[in-house]
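I opened a new page to keep track of what I look up in this structure. The entries follow the order in which I went through it.

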Amino acid sequence: MDLNRIQFVTDAFPCFSLVSEAAWRHPDITAERFSPQLTMQQGHLFAHAAFVLSGKVRVYIISESGREVTLYRVQRGGVCVLMMASILGETGYEASAQLEEETELLLLPVDVFKEWMDRYKDLRQFIYRNMINRMVSVTSLVEDIAFKPINARIAELLLRRTTDSRNHLSITHEAIAIELGTAREVISRSLKEFEKAGWLQLGRGRIAAIRRDALQEKLFPGDW
C-alpha cells in the first residue's frame, strides 16, 4: 500500500497511526471497492477483517419467519463489531450484511488483524469501544421493538430521515418495515392513520409534506 493510501486509511482510522510503513507492505493487505447490493450471509467465516473507508453497510438479522431487522449501519471510520467478534471468537458470522452504496473497504488478513490487535493498544481500544457502543445501541433497539408503540417508532424514523427544509422522503413501506423489524401491513396501516390526521401525504415509494412539528409533538410518552 502506497503512502497516500496509508494516509487516507489513518485519517479514517487513527487507531492505525502507529502501524509502520513496513507493516503496511504485507502483500495481502488491500483496499478494494465493492458494488452496492453485495451481501454477506449469516454463518460466513471471514478470511479478512474489513474497515469501512467509504460508503455504507447495513447489518441485519433474519428471523425464523423470514422477517429482516436492521441492527445498525457502518460508514467511513467504522467496523461491523459482529464481524470482529466472529473473527476473534473464530465462529460464523451472527448476522448478515448488505452494501447500500458503492463501498471501499480496507481488508486485513485475519492473521494480520489478530497480530495487530495484540501489538497495538489503540486498535484494541477502538475495537472494544465499538463493541460496547454497539451493544448499547442494539439493546436500545430491542427495547424499542419490545416496548415502544410502532407509531412512535415510525415517527422517529421520519424525523431522523428528514429536516425542516426537506420534508419528504423516498422510501417504500416495505423498506420501513425492514428497518423497524415489523410487517409491511403494520407500517401501511400506521402511515394511513398519519395521512388521515394530516401529518403527511403518501405516494408510490414516497412520503411527502411531512409535518415534523406534529410528529415531534406526538413523540412524548402517553400521546399515542
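Before anything else I noted how elements are named: helices (H or I, at least four residues) and strands (E, at least two) are DSSP runs, numbered from the N terminus. With that settled, I looked up Q42 and found it in the loop between strand 2 and strand 3.

I also wrote down what kind of model this is: it is predicted, local features need pLDDT of at least 70, side-chain atom pairs count only at pLDDT 80 or more, and totals for chains, interfaces and linings use all residues. Residues are numbered from 1 along each chain as its sequence is written, and side-chain values use heavy atoms, with hydrogens and water left out.

Entry: Q42.
I looked up its accessibility, using these classes: buried is under 20% relative accessible area, exposed is over 50%, and partly exposed is in between (1.4 Å probe, protein chains only). Q42 has 46% relative accessibility, so it counts as partly exposed. For contacts I used heavy atoms within 4.5 Å. Leaving aside neighbours within four places in sequence, Q42 is in contact with Y93, E94, A95 and S96. I also checked Q42 against G78: they are 36 residues apart in sequence, and their C-alpha atoms are 20 Å apart in space.

Entry: the whole chain.
I counted nine helices and nine strands in the protein chain. Its C-alpha trace spans about 65 × 40 × 30 Å along the principal axes. The chain has 224 residues, and 42% of them count as buried. Among contacts with a separation of 6 or more, 70% come from residues 24 or more positions apart.

Two strands count as paired if DSSP finds at least two bridges between them. What is the order of the three strands in the open sheet? I read 1-7-3, with antiparallel pairing. Strand 1 (30-34) and strand 3 (48-54) are the edge strands, and each pairs on one side only. For angles, axes are lines fitted to C-alpha atoms, for helices over the stretch in contact, and the angles run from 0 to 180 degrees between N-to-C directions. Neighbouring strands of this sheet are turned by 35 degrees against each other on average, direction ignored.

I then went through the pairs. Strand 1 and strand 7 (residues 103-109) are joined antiparallel by five bridges, and E32 stands opposite L105 in strand 7. Helix 1 (residues 3-12) packs on the sheet and touches strand 1, strand 3 and strand 7, with its direction at about 85 degrees to that of strand 3. Helix 4 (residues 110-119) also packs on the sheet, where it touches strand 3 and strand 7, and its direction makes about 75 degrees with that of strand 7. Strand 3 and strand 7 run antiparallel and are joined by six bridges; A50 has L107 in strand 7 as its bridge partner.

Why is strand 3 largely enclosed by the rest of the structure? I found that six of its seven residues are buried, so the strand is largely enclosed.

Entry: E104.
This residue lies in strand 7. Is E104 buried or exposed? At 5% relative accessibility, E104 counts as buried. Not counting residues up to four places away in sequence, E104 touches a list of residues that includes R5, F8, F51 and L53.

Entry: helix 3.
I listed the buried residues of helix 3 (residues 81-89): V81, M83, M84, S86 and I87. They pack against strand 3, strand 5 (68-75), helix 4 and helix 5 (121-147). After helix 3 comes E90, whose phi is positive, near 55 degrees.

Strand 4 (residues 56-62) and strand 6 (residues 96-99) pair over four bridges, and the bridge partner of V59 in strand 6 is A97.

Entry: T182.
I found T182 in the loop between helix 7 (173-180) and helix 8 (184-196). T182 counts as buried because its relative accessibility is 15%. Apart from neighbours within four places in sequence, T182 is in contact with R67, I150, A177 and I187.
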